[in-house]
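The sequence and structure come before the comments.

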Amino acid sequence: MDSLSKPPPFQSLLDEHRHDVLGFLIAAVGHQDAEDCFQETFLAALRAYPELENARNLRGWLLTIAHRKAIDNHRARGRRAVPVGDAPEVADQGGEREGRGNSGFWRLISTLPPKQRAAIALRFACDLPHREIAAATGTSEEAARRNVHEGVKRLRMEIA
């Protein structure tokens, strides 16, 4: 598609990129908050879509919105009330996630600092190159490369 062409219908955009966006959000905020962030991402995209002038890098555009919604979620999490009593134990319902590893691994990724977590998710869950990771996270390509490197290094230390 040429970079100056009109964007496709929004439903086509949603159908084409929903798995990438949801995969990134699960890695960034966890299973519990991913659905809410997913909805917020596509609502924000739908609101901005009529003003979009071309179809250049729509996947990157959506992942940038998703990254910002994940940051908003992390900020809001710090302001949520903490339960006082003992919460009942809930069995892990994550299990295998479409053949991409077990829930323990994604839980381990969720312990990374936000920039490293986002870089790891975009690199390995969404298969983005460092240039697009930089655009989605608002950093330089070198910083994106470093965040991926440091995240992988930390995960290797945790697994070993």
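1. Is Arg 56 buried or exposed? With a relative accessible area of 62%, Arg 56 is exposed, where buried means under 20% relative accessible area, exposed over 50% and partly exposed in between, using a 1.4 Å probe and protein chains only. Arg 56 sits in the loop that joins α2 (31–48) to α3 (58–77), and its C-alpha lies 8.1 Å from that of Ser 5, although the two are 51 residues apart in sequence.

2. On the basis of the work, this is a predicted model, in which local features need pLDDT of at least 70 and side-chain atom pairs count only at pLDDT 80 or more, while totals for chains, interfaces and linings use all residues. Residues are numbered from 1 along each chain as its sequence is written, and side-chain values use heavy atoms, with hydrogens and water left out.

3. As to the overall fold, the protein has seven helices and zero strands, these being DSSP runs (H or I, at least four residues, for helices; E, at least two, for strands) numbered from the N terminus. Of its 160 residues, 40% count as buried. Among contacts (heavy atoms within 4.5 Å) with a separation of 6 or more, 66% are between residues 24 or more positions apart. The accessible surface, by the Shrake-Rupley method with a 1.4 Å probe, comes to about 10100 Å², and carbon and sulfur atoms contribute 51% of it.

4. Helix α7 (residues 141–159) has 19 residues and should span 27 Å, which agrees with the 27 Å between its end C-alpha atoms; the expected span is 1.5 Å times one less than the number of residues. The buried residues of α7 include Ala 144, Val 148 and Leu 155, and also Asn 147 and Glu 150.

5. In helix α1 (residues 10–29), Arg 18 and Asp 15 are three residues apart, or about one helical turn, and their side chains meet at 3.4 Å, N to O. In helix α3, Asp 72 and Arg 75 are likewise separated by about one helical turn, with their closest N and O atoms 4.0 Å apart; Asp 72 is partly exposed at 35%, whereas Arg 75 is exposed at 54%.
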